[in-house]
Structure formats: structure tokens, C-alpha cells
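These are my notebook entries on one structure.

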Amino acid sequence: MEFKYKEPATEFSDGLAVIRAYHDNLLATGERLLKLSFKISHHGVGEAAAIEAIDLHQHYTRANTLHHADEEQCLFPLLVGQDLILDGMIERLTLDHEEIEQWWAELAGFLATPEKISDMDRLVEVAFQFERLQREHLTRENEDFLPRVEEQLNIFHLQQAGQGMARLRGLSAAA
Ligand SMILES: [Fe+2]
Ligand SMILES: [Fe+2]
């Protein structure tokens, strides 16, 4: 089976639209992850579960890496130093990214080689910890952070962020 990355963002003229598209995608992917971990813990790793595990591994590897880079390299630098509350939020969100990446490192080991999963309890625990952290983080960004960011950035900044995100994907700035 050949994996093809499905880019959640449809266009890059507005960096915040890219961020929101990734949030929707990652929340939905989290539901797939929880369903899969339950399925494996109850029924073991059949062929369909193995394919789903590898698909999730490939998707998260690319989507989470890009999404954290979008925020840390293209969005946060446009915001730091203007508003103390926003600065505090950015610091906290960056620490969240590190914690999410630490849990991902263990979860990735399970999902990359599903045929080798033997400790079902640990799989479920790691999947739930990772998904809960990620969901809480995305929800905090959607509800507290992005509304404040929208007040700070003008259309030029949104385009600038989007162009940076396009470049991270090797797309032309106008894509
Ligand atoms: Fe984030
Ligand atoms: Fe985010």
C-alpha cells in the first residue's frame, strides 16, 4: 500500500485558515486513533487495523511536524513582544508541542510496526495520553489563542504567514 499525504489545507493565502484546517483534521484524526487503539486492544492486530495504524503513523508524522513548524516558524514570530498575555500563551503552547512530541515518539513506535504490538494496555494508555494532550492543546488554541491572534494580525500578516507555510511544503508562495 502506498501512502499519499492528504494535505488538510486547500490554499495558503491566509495562514490562520491553514492553522484552522489542521486543527479540524487533527481532532478528527485523534478520534480515529482512539477507535483504533480500542479495536486493537479488544481484537488484536488484523490486516485492516495494521493498515490503519500505518496510515495514522504516516499522517501524524507529516501533519504534526508541519503544524508545529507552521506555528513556531511562521505564526509565533509575527506575534512575540507585542502583548504580554499572548507572549505567555506562546510560551505555554511551545511547551505543549514538546510534550506532545514526547508522547508521539512512543506512540509512533507502536503505529509504525503494528504487527509487533504485544503490550495492549500500554498502547491504549499512550494513545489516550497523546490524544488527550493534543485535543486539549488544539481546543485551547481554537478558543483562547486564535481569537486573540485575529485581533493582532492584519491581512498582510496573514498572507505572510501563509506564504511561509507554503514554503515549508515546497510550494510556491502564490499556492
Ligand atoms: Fe500548537
Ligand atoms: Fe495548532
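**Entry 1: How the helices pair**

Helices here are DSSP runs of H or I with at least four residues, strands are runs of E with at least two, and both are numbered from the N terminus. I note that the model is predicted: local features need pLDDT of at least 70, side-chain atom pairs count only at pLDDT 80 or more, and totals for chains, interfaces and linings use all residues. Residues are numbered from 1 along each chain as its sequence is written, while chains are lettered from A and ligands numbered from 1 in the order in which they are written.

The axes of H1 and H2 come within 10 Å and cross at roughly 150°. Such axes are lines fitted to C-alpha atoms, for helices over the stretch in contact, and the angles run from 0 to 180 degrees between N-to-C directions. The crossing of H1 and H2 is left-handed, a word used if the near helix is turned anticlockwise from the far one by less than a right angle, with right-handed for clockwise. Among the residues that make this contact are Tyr22, Leu26 and Leu33 of H1 and Leu56, Tyr60 and Leu75 of H2. Contact between two residues requires C-beta atoms, placed from the backbone, within 7 Å.

I then looked up H2 and H3, whose axes come within 10 Å and cross at roughly 165°. That angle makes H2 roughly antiparallel to H3. This crossing, too, is left-handed. The residues in contact include Ala53, Leu56 and Tyr60 of H2 and His97, Trp104 and Leu111 of H3.

For H1 and H4, I found axes 10 Å apart at an angle of about 160°. H1 and H4 are therefore roughly antiparallel to each other, and their crossing is left-handed.

**Entry 2: Helix lengths and buried residues**

I compared helix lengths with the expected span, which is 1.5 Å times one less than the number of residues. H1 has 29 residues and should span 42 Å, and its end C-alpha atoms are 42 Å apart, which agrees. H2 also has 29 residues and should span 42 Å; its ends are 40 Å apart, which agrees. The 14 residues of H5 should span 20 Å, and the end C-alpha atoms are 20 Å apart, which agrees.

Which residues of H5 are buried? They are Leu158, Ala161, Gly162, Gly164, Met165 and Ala166. A residue is buried if 20 or more other C-beta atoms lie within 10 Å of its own, exposed if 12 or fewer, and partly exposed in between, with C-beta atoms placed from the backbone. H1 and H2 are included in what covers the buried residues of H5. The buried residues of H1 pack against H2, H4 and H5, and those of H2 pack against H1, H3 and H5.

**Entry 3: The cores**

A nonpolar core is a set of buried Ala, Val, Leu, Ile, Met, Phe, Trp, Tyr and Cys residues joined through C-beta atoms within 7 Å. The largest such core has 17 residues, and Leu56, Leu107, Phe110, Leu123, Val126, Ala127 and Phe130 touch the most other members. Helices H1, H2, H3 and H4 each give two or more residues to this core. H3 gives the most, with five residues. A second, separate core of 13 residues includes Ile19, Cys74, Ala161 and Met165.

Is Leu75 buried or exposed? Leu75 is buried, because 27 other C-beta atoms lie within 10 Å. This residue lies in helix H2. Not counting residues up to four places away in sequence, Leu75 touches Gly15, Ile19, Asp70 and Ala161.

Leu171 is found in the segment after helix H5. With 15 C-beta neighbours inside 10 Å, Leu171 counts as partly exposed. Leaving aside neighbours within four places in sequence, Leu171 is in contact with Phe12 and Ala166.

Methods:
Angles under 35 degrees count as roughly parallel, over 145 as roughly antiparallel, 65 to 115 as roughly perpendicular and the rest as oblique.
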